[in-house]
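Trainee: Could we go through this structure together, one step at a time? I would like to learn how each answer is reached.

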Amino acid sequence: MTENPFDTQGKKMGWCPGCGNYRLLDVLKDALHELDIEQRSLVIVSGIGQGAKTPQYVNAHMFNGLHGRALPVAMGVKLSNRNLVVIAESGDGCMYGEGGNHLLHAIRRNYDITVIVHDNMVYGLTKGQASPTSQLGMKTSLQVNGVMLEPFNPIAVLVALDAPFVARASVGDSEQTKEIIKQAVSFKGLAVVDIFQPCVIFNKMNTYQWFKENTYYLPDDYDSNDRTQAFEKAIETEKLPLGVIYRRDGRELYEDLLGITHIPLYEHEVSGEAFEKMLAEYR
Amino acid sequence: MYHFENDISIVFGGAAGQGVQTIANALVKVLKRNGYYVFACTEFMSRIRGGSNSTEVRITGKKRRAYVHRMDFLVALNADAIAHLEERIEESTLVFAERDHVDGKDIAGFIDTPIAGFAKEAGNPIFSNTVAVGLALGLLGVSLDAFSAYLSEQFAAKGEQIVSQNIAAARLGYDFGLKTATKNQIEVTIMPAEAPPEELLIDGTTAVGIGAVAAGSSFISSYPMSPGTGLLTFLAHNADDFNIVVDQAEDEIAAINAALGASYAGARALVTTSGGGFALMEEGVSLAGVTEVPLVVHLGQRPGPATGLPTRTEQADLNLTLYAGHGEFSRVILAPGTFAQAIELMQRAFQLADRYQTTVFVLTDQFFLDSVASVQESDIVRQPVKRHIVKTGAGYKRYHLTGDGLSPRGVPGYGDGIVKVDSHEHDENGHLTENFELRRKMVDKRLKRLDVLTKESIMPERFGPRGAENVVICWGSNQGVLEEAIDTLRREDIAGLHFSQLFPLNPAVGELLDTKNVIVMENNATGQFADLLNRELGVHVSRRILKAIGEPFSVEEVVEALEKVRHD
């Protein structure tokens, strides 16, 4: 295999040994390389959390912003220069908790970015509190009697909102995760991939083993264009499906609805003629 | 006998939805086309229908830009308007209203005016607005021609009948006005400008908007909140002509983050909001600070705390912008006093934001944004849009350490370099770091630009007599009222000073005020700018003229306050 241009040299990693993030980082870089994405045209936007550190270790443009706010930043980047490939990447706390409202409205807008959610069902960086996707009963330093709230079901919410590309992967299977990321990045529109990964320090419940035992692959003949069927899959609880759960191609992009051209806004010019015309209205 | 020379104030009062604003817009436009100097300001309740609103239209021989408490004429469209404005009705106020709207009140200057009756006679009660404008023109003795032309333009799309009915309504109001003027010996003499210069008639929102367009602003994401919404609307209306991306955000937090994303990728990005919305944006301001991504924030102030008085005016968010965002970093705060200045300062705001990679706040308020006045076209300054973006090469470092703290700014996709920005403390490449030595350098870097921003800080503008020992300081929207008050007083010992830049302050200001008796007037309860002057420049402020009830200063109350300044 040729050298991956997205590799960074000699950077010290901020992740714990055995963290699922390492595998996801490698998978992401491989997917991007295999897609022939040009390094100079890729921007990875992230929020805050351990997963959100990913772009620190990718040799590409980066906006590592605030907790919960990766999506609005990613939108701003995309609308400012639609020639860029934009990926928003963060954890379950960042995307489904602090930034939940942005996710809902990103789906409504449907701008062409890929959203990757590192879903380890726990808050790692703040040291082990429950996340929106934590499973019932999990004891933490804060949820001393165990998690008592039903976990947030991102897939069901996404399908309910008719998000045009909804997928779930488990980082335990690098190959399948890579294939799904490749599909998501190639998709024209807002593509969301929820990726199961373990937190080896704070989540003793949802381990590689647990993810293996509690997930299954969608069969080859599964029709991801069927929204009703996708919703049935989304609300399954016994075993969780992996794969592209729902996809609807051809939905109009926010960029197009706004009439945004391929000229980046850093080349914006004020038309003198239009300016004179505007002033004339007030004479 | 009622005689008005070169200054008259006509107030139109009615319920929200009754078209008080429409009347004022038509009247000022027609008068402006006749060569008169006009100024209009509006106060309204936070309601969609009902409530009580009023607009004051001033026609003056000299250009004025201030609210007067005095009402020479009141045209009341309903009974509530009279009750709402009762405190301002004096012996000398002529009140034009239908008899049953006066509700048995003893009003010396009441003139029974069948506004709705005339409207009905012309074809429809909704023509009351047109009758009211006709009435005002008749009282002023200004020809109806320009108004008829205006009506033909406005209602062209609605067909010939609507146009002719409106003209008939205007004529009924106009004839009544003329007759009443003769009967009651009302004489208005206002000299129109001799050779009226090319002028635009705009409100404050439009001024800020024109400035944003001229500055090459190409991206706005914002969430509606009065009185900041108008700028978002203005840019939406001009988006197609100027290729401006206009996004209505899901909340203010999204708005500022979207603007930062767009700016990172090279857009000249802007947000507009009011105090409450801005409070939500504060973490984003801090993000702009650490990432050094340029940003312009327009904050239209209104009275707080919290929801406060949503549709009214105040200048109490100076401290909010001054201290917004956790951590320490640079910023600039501008506050235009005139519409021409708003156009110029918006351009300066983007210029400073881009060049110095910082956040620039433009503080206005409801009074400023909703006021209407004419701007001489020759006063409109257009600065060339200079880009401070470099084409990156391999090995580019976004936070390259330089002597002045400013690193050449690259954007993704322009050049071969990689552009990494980070909310964490970071190294020169933009990667997070916890190295204390780098931290020290980066803190320095972000603050250092304040030196040059201070040097470039706009000096305040003086008006009134040179060498006066008493200097009255104002900022932002209070320029017009202070100018007029000082002009009215005509005292050799009182001059005014208007600040259009509030932070950083030019140190030369301190020297300017060294031997003076300094008085500060501002629309807030504590004197935030007076405190800032004292803290930054050691200026001793002897008196504060403050008002925080939701209303702008009137010329009368500033005159009264300044009369108390003792003569030496």
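Predicted model: local features only at pLDDT ≥ 70, side-chain atom pairs only at ≥ 80, totals over all residues.

Trainee: Which residues is B:Leu201 in contact with, leaving aside its neighbours within four places in sequence?

Mentor: One of these residues belongs to chain A, namely A:Tyr282. From chain B there are B:Val28, B:Lys29, B:Lys32, B:Val372 and B:Ser374. As for B:Asn25, 176 residues apart from B:Leu201 along the chain, the two C-alpha atoms are separated by 9.7 Å. The contacts asked for are therefore A:Tyr282, B:Val28, B:Lys29, B:Lys32, B:Val372 and B:Ser374.

Trainee: Which element gives the largest share of the side of chain B that touches chain A?

Mentor: Between the two chains, 50 residues of chain B are in contact with 42 residues of chain A. Several elements of chain B give two or more residues to this side, among them β9, α8, α9, α10 and β17. By class, this side has 27 nonpolar, 14 polar and nine charged residues. The largest share, nine residues, comes from α10(B).

Trainee: Which strands are the edge strands of the open sheet of nine strands?

Mentor: The order of this sheet is β7(A)-β8(A)-β5(A)-β6(A)-β4(A)-β3(A)-β1(A)-β2(A)-β17(B), and the pairing is mixed. At the end of that order, strand β2 of chain A, residues 61-64, pairs with β17(B) in the parallel sense over three bridges, and A:Asn64 stands opposite B:Asp422. Neighbouring strands are turned against each other by 20° on average, direction ignored. The strands that pair on one side only are β7 of chain A and β17 of chain B.

Trainee: Which residues of helix α4 of chain A are buried, and what arc do they cover around the axis?

Mentor: What covers the buried residues of this helix includes α2, α3 and α5 of chain A together with α10 of chain B. After the helix comes A:Asn110, whose phi is positive, near 60°. The buried residues are A:His102, A:Leu103, A:Ala106 and A:Ile107. They lie on the same side of α4(A), because the arc they cover is only 140°.

Trainee: How do α5(B) and α7(B) cross, and is the crossing left-handed or right-handed?

Mentor: The axes of helix α5, residues 128-140, and helix α7, residues 160-183, both of chain B, come within 6 Å and cross at roughly 35°. The residues of this contact divide into 14 nonpolar, seven polar and two charged. The crossing is right-handed.

Trainee: Which strands stand at the edges of the sheet of five strands in chain B?

Mentor: This open sheet has the order β18-β20-β19-β22-β23, with mixed pairing, and its twist averages 25° from one strand to the next. Within the sheet, four bridges join β19 to β22 of chain B, which run parallel, and B:Ile473 stands opposite B:Val520. Each edge strand has a single partner strand, so one side of each is left without a neighbour in the sheet, and these strands are β18 and β23 of chain B.

Methods
Residues numbered from 1 in each chain as written. Chains lettered and ligands numbered in written order. Axes fitted to C-alpha atoms, helices over the stretch in contact; angles between N-to-C directions. Left-handed = near helix turned anticlockwise from the far one by under 90°. Nonpolar A, V, L, I, M, F, W, Y, C, P; charged D, E, K, R; others polar. Buried ≥ 20, exposed ≤ 12 C-beta atoms within 10 Å, placed from the backbone. Arc of directions from axis to C-beta. Contact = placed C-beta atoms within 7 Å. Pairing = 2+ DSSP bridges.
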